[in-house]
Structure formats: structure tokens, C-alpha cells
Amino acid sequence: MSNAAEYIPVGKVRAIQNMHRGAGSYRDALLWTAAPNWALRVSDLLAVKVGSVLDRQGQLRSSFQVTQQKTGKTVTCDVTKKVERAIREYLADGHPTPEQLEAPLFPSNRSDPDTDLPKPLGRTQVWKIVRRDADAVGLRGGPYSPHSWRKAWGRHALDKGIPMAVIQTKLGHRTPASLLAYLGITREDVRKASEQIEL
């Protein structure tokens, strides 16, 4: 595996989710659940509002759409059972309330004086959360970042045998080659696979 693709293994992602849930830190548990499952870039993730996942009657949506800031493409984010559970735990904890449809789903501790709604987490805050939590589960020294969540989903999907075209579509890569490079698949990985799977 190339050092350029520092993804967080799925077992470590789950350990971090459980760590936050056990500590009652439901925002960060949701962050570590939704971010890798939606596989959004951090700027798109931080733009998600409570109203993206809840309708006006307070019911959870099964999916919602995000227009990517980098590409301008619209992608669909599914509210899977695990993400739904994390959202419900988070909203039951009261932050933010379902009535605050315009509030960011991932708020900081600061409020916007014009709207009195919380401001979203900042990119720097999210970087610090990722690095702090990676350290907490023994992943020291790697260049872990919010982008590691996208790579974690991609690598896990690849390991589970999800077709490359599906992974490529979800992550928004134009070619299979760019996707493999992004996920850190090297010529050495291909050689090892060839040795392990001989017909």
C-alpha cells in the first residue's frame, strides 16, 4: 500500500464510533458514522444541515442530495440504518433540535449572531478531531485527515467486492486508474494478488 493513501481501517472507524457513543459524545459519533458512509469531501460534509436529513414533520429522510463544491456534481447520500441510529441518538441528545432545520448537522460551540443558530464545525476543527481520534485508537504518525473517511469507504467497499464502477461513481472518479491511485492500490498490491490467486 502506498503511503499516499492513509485511510483508516474499518475496525478503527468502528472503535472510534463506539468510543464516542460510550462517552456520550453523539455529535462526534455521528461525524464518524456519517462521514465515512456518505464519503463526502469535508467542505460538503460541513454544509449538511439538519433539514438535509429531516423533513418538516421531523421524519428522517432515506436519502438527500448534495451538490459537490469541487465538481458541481450532485450526489445522493443514503441514510443507512447505522447512520439513522447515529442521527437519532444525536438529536435525542438535543443538539441541534429538530426544529432547527437550517442549523448545521455538525455544529461547533459558536453561534451565528445574525441567526442565533450554531455555526458549523470548521475544517481545522475537523482535522483536529480526526487526528485526536486516530491517535486514541493507536493510529499515530500517519497523515490522517477528513479525507481518510472517503478513502476508508472506498477501501472497505473494494475489500467487500463492491464493483469498481459503483465505487468510482460514489467517490466521483473519472477513471478506474484514478480511483485505484486514490485508494493507494499499487503495482505491488496487484503482484501479490496475482500470486495469491492463481488459476
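This is a predicted model: local features need pLDDT of at least 70, side-chain atom pairs count only at pLDDT 80 or more; totals for chains, interfaces and linings use all residues.
1. A word on terms before anything else: a residue is buried when its relative accessible area is under 20%, exposed when that is over 50%, and partly exposed in between, using a 1.4 Å probe and protein chains only.

2. Numbering runs from 1 along each chain as its sequence is written, and side-chain values use heavy atoms, with hydrogens and water left out.

3. Salt bridges next. Side chains of opposite charge can pair when their charged atoms come close. The cut-off here is a side-chain nitrogen of Lys or Arg within 4 Å of a carboxyl oxygen of Asp or Glu. Searching the whole structure on that basis turns up six salt bridges.

4. One of them pairs Arg88 with Glu84, with 3.0 Å between the closest N and O atoms. Both residues sit in helix α5 (residues 81–92), four residues apart, or about one turn of the helix. (Helices are DSSP runs of H or I with at least four residues, strands are runs of E with at least two, and both are numbered from the N terminus.) Glu84 counts as partly exposed because its relative accessible area is 26%.

5. How far apart are the closest N and O atoms of Asp133 and Arg132? They are 2.8 Å apart, and the pair forms a salt bridge. Asp133 is buried, since its relative accessibility is 1%, whereas Arg132 is partly exposed at 43%. Salt bridges with shared partners tie Arg27, Asp28, Arg132 and Asp133 into one network. Within this group, the side chains of Arg27 and Asp28 meet at 2.9 Å, N to O. Asp28 has a relative accessibility of 3%, so Asp28 counts as buried.

6. Asp28 also belongs to the buried part of α2, together with Leu30, Trp32 and Trp38, among others. From first C-alpha to last, α2 reaches 17 Å, close to the 18 Å expected at 1.5 Å a residue; the expected span is 1.5 Å times one less than the number of residues.

7. Have a look at what comes just after α2. Ala39 takes a positive phi of about 55 degrees there, and this is a residue other than glycine. Ala39 is in the loop between α2 and α3, and is buried because its relative accessibility is 2%. Asp116 is another residue other than glycine with a positive phi, near 65 degrees. Its place is the loop between β3 and β4 (118–120), and with a relative accessible area of 61%, Asp116 is exposed.

8. On to α7. This helix has 13 residues and reaches 19 Å, close to the expected 18 Å. Its buried residues include Trp149, Arg150, Lys151, Trp153 and Arg155. Among the elements covering them are α1, α2, α6 (123–136) and α8 (164–171), with contact meaning heavy atoms within 4.5 Å. Gly161 follows α7 and has a positive phi, near 85 degrees.

9. Which helices each supply at least two residues of the lining of the largest pocket? They are α1 (10–23), α2 (26–38) and α7 (147–159). A pocket is an open set of points on a 1 Å grid over the protein atoms alone, where a 1.4 Å probe fits, with protein on both sides within 12 Å along at least five of seven lines; lining residues have an atom within 4 Å of a point. The volume of the largest pocket is about 290 Å³, meaning the space filled by probe spheres set on the points. Its lining has 16 residues, and Val10, Arg14, Asn37, Trp153 and His156 lie nearest the centre. The lining splits into nine nonpolar, four polar and three charged residues. Here Ala, Val, Leu, Ile, Met, Phe, Trp, Tyr, Cys and Pro are nonpolar, Asp, Glu, Lys and Arg are charged, and the others, Gly among them, are polar.

10. Last, Ala134 in helix α6. Its relative accessible area is 0%, so Ala134 is buried. Leaving aside residues up to four places away in sequence, Ala134 touches Ile16, Leu139 and Tyr144. Ala134 and Val13 are 121 residues apart in sequence, yet 8.7 Å apart in space, C-alpha to C-alpha.
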